[in-house]
Every structure is written in C-alpha cells, then in structure tokens.
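Me: I would like to learn how to read a helix and its charged pairs from a model, going one feature at a time. Could you take me through them with the structure in view?

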Amino acid sequence: MAIGDVVETIGKRCELEYCGQLDLLPFPCSDCKKFYCLDHRSTIAHKCKPLETKTPEPTSDDILPPKPNITTHSQCSKPTCKTLIDTTRLIGNHCTRCNRNYCLSHRHEEQHDCSTLTPIGARPTTVQQRTQTALSKLKLWAENKRAEDAKRRSAPKKTGFFGGLSKPSAAVSAQAELNALKRDAKGDAKVAPEKRIYLYVEASSDTTKAKFPTGKFFYNKDISVGRVLDMAARALMVENVNNRSDREEDKLRVFHVEGGRLLKFSEKLGDVVVNGNMLVLLRGVGDGEPDLIDL
C-alpha cells in the first residue's frame, strides 16, 4: 500500500468544495457536521449552513395536563354563605354527617348547624320523625306550663291588715300577668295602643339557636304571621333563611301554644292570637297546613 493511501485512511479531506486539502487532524463543525482543514475550520470561512433539524414529536411525558375546568363549581351548602367551592383555588370540605360540602369557614359541624340538618340521601321518614319529636316535646312543655300557670294563679296570697290569706280569682291573676307583660313588652312605638297585641315569644332550643331565647313583644294586630316571624327572629337573633333556602329543614315556622298548631304565614295576627298568648319559633317542622297538635 502506498504512503498516500495510508494517509487517506488516517486523515480526512477538507469538505469545502474548492479546497479538498488532506488533513490528518481535521476539524469537525458542530453546526453542519462536516470536516474542514485548519484554514476553513471557522463557520465564516466555510460559509456554514447548519443542517435543518426536524423537531421531534412530543411524547406523552412532554404533554402538559389541561387546566382544570371550573364550570363544575358549586356554592357552600351553608345557606347564608356565597363562597364558591370545588374550584381551582378552593376545594370543598365534605361533612360525612349531613352529606354536604362546605367552604373552609363552615367545615365544622357546629359552624353549619349540622345537628339540625337532615342528611342528604336519608329516608324521608327522618324529617317526619324529627318533626313529630319536636312537636311532641312542645306539647308536653305546653301542658306543663299550663298546669304551672293554673297552680300559681290558684295559690293563696296575703291580703288585709293582718296578712291573711285569700285566693285570687283566675281573672285577677290573668289581668295582673297581662299588665306585667304590657309593662315589659318591646315593640314599635308608632303602633297605636288600640292596635297592639302583647305576646310572649320563645325560640325552641330543640330545633334552632338564638342569642336571646325568650322575649316579650307587642305587634300590630293587622300584620301577617310571616311578618311577625321576621320581626321576632330579628329580635331574638335567630338565623332566618326562609327567603333564601328551599329546604324545609332550614325554614322557621311559628307555633301557637294556646291554639296548638303551626300558623300559616298568610294569616293575620289578630285573627289567630289574643293578648298574653305565646308563640314559639321552630325550624324544620313542616309547612303549617294541618293542626299538628291538639292541645
């Protein structure tokens, strides 16, 4: 083999078209991938034209997941809360007891009054049983109150110069209690005295929460029961969502103790109660159509 052939096998010729110089240590170009001699090794000297590289197809690992869709958001199940949950920024908190979803502020049971709610998916009889239980307790409470009132009114009182005992009549005792009620009752001073009805109002601790459990108030006898409910709930500081919730377990109702029934919102107050009667605010106990308790 000739010496020139050996050199050819060791080195490479400059690939510039008009050069072709044999170089034992040629210089590779990183852009066009060709070999050049010392004089033409720079990209400017050999007028480098980089090879067109085809962009590789993206793999499944390179594809970014799509942004979450927020059209499935919902509102916190607390009726008075407008916070949107199940979004990209706020995940809902599920309550296993009532089977509802809440925002971070209302996630605890006491914060959304869980004990007063009927679990979603529960059998319909659950509401009925709770209603009957609440009304049965009211019936027992009303009967005991009536017995206590009768006993108190019939108790003898001291009278006369020597402090003797006398038994006041029921009418006298009732009038004395009514006078005390009128003295302590609160209401709109603009209501004319002849239009006023004086009532005891109480919030049932079995079905709702109130800052002030009981109160003595007077109302205009011409207003509706629904209006009385709004005013009483505001005075006793009871949460009232009747106009914002369609769920019966959230709604407040008015129970007339002496009449032994739930009053309809449309009834006029002066047609269903008299001075000295008691109204009780209940939550989630029905729509008030039938006379649910016969006292």
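Me: Which residues of H4 are buried?

Reply: In this predicted model, the buried residues of H4 are Val225, Gly226, Val228, Leu229, Ala232, Ala233 and Leu236.

Me: How should I read such a list along a helix?

Reply: The general idea is that an α-helix has 3.6 residues a turn, so residues three or four places apart point the same way. In this case, the buried residues of H4 fall within an arc of 150 degrees when viewed down the helix axis, and they therefore line one face of the helix.

Me: What do the buried residues of H4 pack against?

Reply: Their partners are the strands E11 (196–203), E12, E13, E14 and E15 (278–283), together with the helix H5.

Me: How many residues does H4 have, and what distance does it reach from its first C-alpha to its last?

Reply: H4 has 12 residues and reaches 16 Å between those two atoms, which is close to the 16 Å expected at 1.5 Å a residue. The helix is followed by Met237, a residue with a positive phi, near 60 degrees.

Me: Turning to the charged side chains, how many salt bridges are there?

Reply: The general idea is that side chains of opposite charge can pair when their charged atoms come close. With a cut-off of 4 Å between the side-chain nitrogen and the carboxyl oxygen, the count here comes to nine salt bridges. One of these pairs is Lys78 with Glu239, whose closest N and O atoms are 3.8 Å apart.

Me: Which residue forms a salt bridge with Asp222, and where do the two lie?

Reply: Asp222 pairs with Lys268, the closest N and O atoms being 4.0 Å apart. Asp222 is in the loop between strand E12 (214–220) and H4, and Lys268 is in the loop between strand E14 (261–263) and helix H5 (269–272), so that the pair links distant parts of the chain, 46 residues apart. Asp222 is partly exposed, with a relative accessible area of 36%, and Lys268 is likewise partly exposed, at 35%.

Conventions. Residues numbered from 1 in each chain as written. Predicted model: local features only at pLDDT ≥ 70, side-chain atom pairs only at ≥ 80, totals over all residues. Heavy atoms only, no water. Helix = DSSP H or I, 4+ residues; strand = E, 2+ residues; numbered from the N terminus. Buried < 20%, exposed > 50% of the residue type's maximum accessible area, 1.4 Å probe, protein only. Expected span 1.5 Å × (residues − 1). Arc of directions from axis to C-beta. Contact = heavy atoms within 4.5 Å.
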